[in-house]
Amino acid sequence: MSISYLKEILTNGNNIVCLLGKATAAEQGCDLYREDFSYDVESRYGRSPSEIVSSTFYNNRPEVFYEFYREDILKRSGEPDDLNYSLRQMEIDGKLKGIVTRSFFDLSGRAGCQNVVSLYGNIEKNSCPHCNKEFSSDYILTHKPLPKCDECGTLIHPGIALSGEMLDSQVMTRAIEQITAADILLVLGTDLQSRLGSMAKYFNGDRICLVNSYSHYSDQAADCVCIGNISAIMHEAYPAEKNCREDRRFRPAQRRRKFLGSLSRSDSDDKGDKPRRSLIVRDKFSARRRLSIFDVD
Ligand SMILES: [Zn+2]
C-alpha cells in the first residue's frame, strides 16, 4: 500500500500507540543487531553475547561484564534518526500517546520522546540495587573498572534486563494498558507474529499500520502496510519539523525535569478519554519467565 495512505491515517489519527521493533534500531546503527555481532563478541571474549548478558555472568565476573557493557553496548548504541524524530513530532502534535519497545538503546528517548515503555530496560537507567539511585550511561562509561553507587558504594546494576532475572510485570502491564487504549496501532520494524508484534492482540482500536523492512505473511492482519526503509517511509509519512531535533541537546535527566509537569498532565488526560480495563498480567509474562534480550523479535 502507498505511503500516502499511511500519511492520511497518521495525519487524521489522534490516539496512536507505537510498537517499535528491533529492525529500526539496526537501521540506526545499533551493533547488537548486526549479523556478525555474535561472532565478533565470541572471538574477543570467548563467550557468546547471551552468556555475558546474564545475571550469573554479571554476578561472577562483573569486570568482564562491564567491559562488554561499555564497549559493545553503550559505545555502539546508534543515533536517533528520522524515524525517532517523526515519532517525537507525533508526540508533540498530541497524536502519539506512547511507544512500546523491546530495544533498550533509548533512541526515541534520546530524540526527545517522553512516553516510552522499554520492556527490556533502558541504557540510561542504570541503578543502585541498594538505594535505587539512577545513573546515566555517561557515569558507567567514566567509572572503571566497576561502576559503584556514589552514595552507598554498591555495584550498580545495568539498565538492561539480564537473562535469568525477573521481568518487571508492572512495565508489561503499562505497555498492555497503552495498547488497549489506542485507536491506531503503529507497528514499526517488526511483524505481527514476533514477540513484540503479537502484543497487537491487546489492541481494540480501529486500524493497524505496519511499516517494516521485510514482508511477512501476518502483514495481512494490518490495515496499512509499507515495506522498505523504515526511517525513510516514516520521514515521508510524518516528517519532523526542524525545531523538533533541537531536543537532542537535552540529556535524559534534564529532559525528565523539563517535561515533568507536562507528563503528569497528559497522563491524567489519557485516563479521561475512555474507560480502561484493569489488567493483571500472569502466565506468559510471569515474573518467573526467563528472558533474553537476544530473543528473535
Ligand atoms: Zn546506592
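1. In this predicted model, leucine 19 has valine 100 of S2 as its bridge partner. The two strands concerned, S1 (residues 16-20) and S2, pair in the parallel sense over five bridges.

2. Strand S2 also pairs with strand S3 (residues 116-118): the two run parallel and are joined by three bridges. Here the bridge partner of isoleucine 99 is valine 116 in S3.

3. Strand S2 itself, spanning residues 96-101, is mostly covered, with six of its six residues buried. In a regular strand, side chains alternate between the two faces of the sheet.

4. Helix H10 comprises 13 residues, 169-181, and reaches 18 Å from its first C-alpha to its last. That span is close to the 18 Å expected at 1.5 Å a residue.

5. The buried residues of H10 are Met172, Ala175, Ile176, Glu177, Gln178, Ile179 and Ala181. For reference, residues three or four places apart in an α-helix point the same way, because there are 3.6 residues a turn.

6. Leucine 192 is found in the loop between strand S6 (184-188) and strand S7 (207-212).

7. Leaving aside residues up to four places away in sequence, leucine 192 touches Val187, Gly197, Ser198, Ala200, Ser218, Ala221 and Ala222. Aspartate 219 is 27 residues from leucine 192 in sequence, yet the C-alpha to C-alpha distance between them is 6.8 Å.

Technical notes. Residues numbered from 1 in each chain as written. Predicted model: local features only at pLDDT ≥ 70, side-chain atom pairs only at ≥ 80, totals over all residues. Helix = DSSP H or I, 4+ residues; strand = E, 2+ residues; numbered from the N terminus. Contact = placed C-beta atoms within 7 Å. Expected span 1.5 Å × (residues − 1). Buried ≥ 20, exposed ≤ 12 C-beta atoms within 10 Å, placed from the backbone. Pairing = 2+ DSSP bridges.
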